Amino acid sequence: RPVVFSGMQPSSDSLHLGNYLGALVNWVALQDTVDPIYCVVDLHAITVAQDPAKLRESSRRTAAQYLAAGIDPERSTLFVQSQVPAHAELAWVLGTITGFGEAGRMTQFKDKSQRYGAESTTVGLFTYPVLMAADILLYETNLVPVGDDQRQHLELTRDLAGRFNSRYGETFVIPEAYIPETSARIYDLQDPSAKMSKSAASEAGLVRLLDDPKITAKKIKSAVTDAEREVRYDRQAKPGISNLLDIYAAASGEPIETIAARYEGRGYGDLKKELAELVVERLEPFRTRTFELLDDPAELDRLLAIGAEKASERAERVLAQVYERVGFLRRR
Ligand code: ATP
Ligand code: MG
């Protein structure tokens, strides 16, 4: 079975609808056909300042949301990144074969450093893609589900793996991008030109999975649309309505044309109202399950410890080979 690695940052106390429809739903489905490694990437999260108590809570919440969505800790390796030291260790080695200019070309770094300003732009933010390469390469990953935002980082990962292999001998599996057939890309409800994101500027445009259903419904009903009345899919001319149709299709499993046809001759209000109901209903069991899991943090921590042990075993094997190839003395 191909190895698939994917992760989310515990950078907020709730995941959002984009994380859910664009990633988690696919992660769950993949469990039948691949060897999945799903990580809560807390080392990545601290590339921007985090409150320590909140970070700990967010890590548990992120893991609980993976489980509530249907990630099965028996079939998947589910763990928290900082509990497997090999990630930081391999990242160091990979950093030594990464060009300074090469890392400087990463557009996410350029974007984020501009957004945060010079003061908050750390070396950690700069080397973020190198850590991501380590995450992927430690598990002999074959496939990495990536959105547009991570495509360049995966290219860097492939370059670093190839470079290490040719310099030190075949060590790493070269991973490939995996784009699921049904990969919904969800945009901010208030600004449909920006992707919905945990660190989104507009709170009103962000559908947080653990929000009270009333808030979720209100946000969907207040989504920006346009001055026409026609429900029709057109990303360019009607980004707001198209985003709502994408959400509808992903949440219901129906094709977009079927949905658009149903709203022919009716206003945007009906579409928003019924979409709000659909999303709230779809999320209800997920929310309930997440809060149940969070009621028992000891059990959650126990599951994560088992996951970290499984992950460590695999990661340590690859790291030991890397250390050997690089010329380090054997660890005892
Ligand atoms: P941050 O703002 O902290 O970067 P994020 O919302 O971008 O948070 P990530 O943790 O970076 O979330 O990404 C987790 C996963 O969710 C990734 O697989 C990513 O591709 C996916 N994802 C994130 N945002 C969206 C979105 N708007 N639509 C679809 N998928 C998304
Ligand atoms: Mg992101």
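Predicted model: local features only at pLDDT ≥ 70, side-chain atom pairs only at ≥ 80, totals over all residues.
Local features require pLDDT of at least 70 and side-chain atom pairs count only at pLDDT 80 or more, whereas totals for chains, interfaces and linings use all residues. Residues are numbered from 1 along each chain as its sequence is written, and side-chain values use heavy atoms, with hydrogens and water left out.

Rings of Phe, Tyr and Trp (its six-membered ring) were paired if their centres lie within 6.5 Å, with planes under 30 degrees apart counted as stacked, over 60 as edge-to-face and the rest as tilted. The count under this rule is 11 aromatic pairs. In one of them, the ring centres of Phe-79 and Tyr-139 are 5.9 Å apart with planes at 55 degrees, so the pair is tilted. Because Phe-79 belongs to strand 3 (residues 77–80) and Tyr-139 to the loop between helix 7 (123–137) and strand 4 (143–145), the contact ties together parts 60 residues apart in sequence. Helices (H or I, at least four residues) and strands (E, at least two) are DSSP runs numbered from the N terminus.

Burial was assigned from relative accessible area (buried under 20%, exposed over 50%, partly exposed in between; 1.4 Å probe, protein chains only). Phe-79 is buried at 0%, and Tyr-139 is buried at 1%. The rings of Tyr-323 and Phe-328 have centres 4.9 Å apart and planes at 75 degrees, so this pair is edge-to-face. Tyr-323 is buried at 17%, while Phe-328 is partly exposed at 41%. Phe-5, Phe-79 and Tyr-139 form one aromatic cluster.

Ala-320 lies in helix 13 (residues 297–326) and is partly exposed at 46%. Its C-alpha atom is separated by 9.4 Å from that of Ala-86, 234 residues away along the chain.

Technical notes
Chains lettered and ligands numbered in written order.
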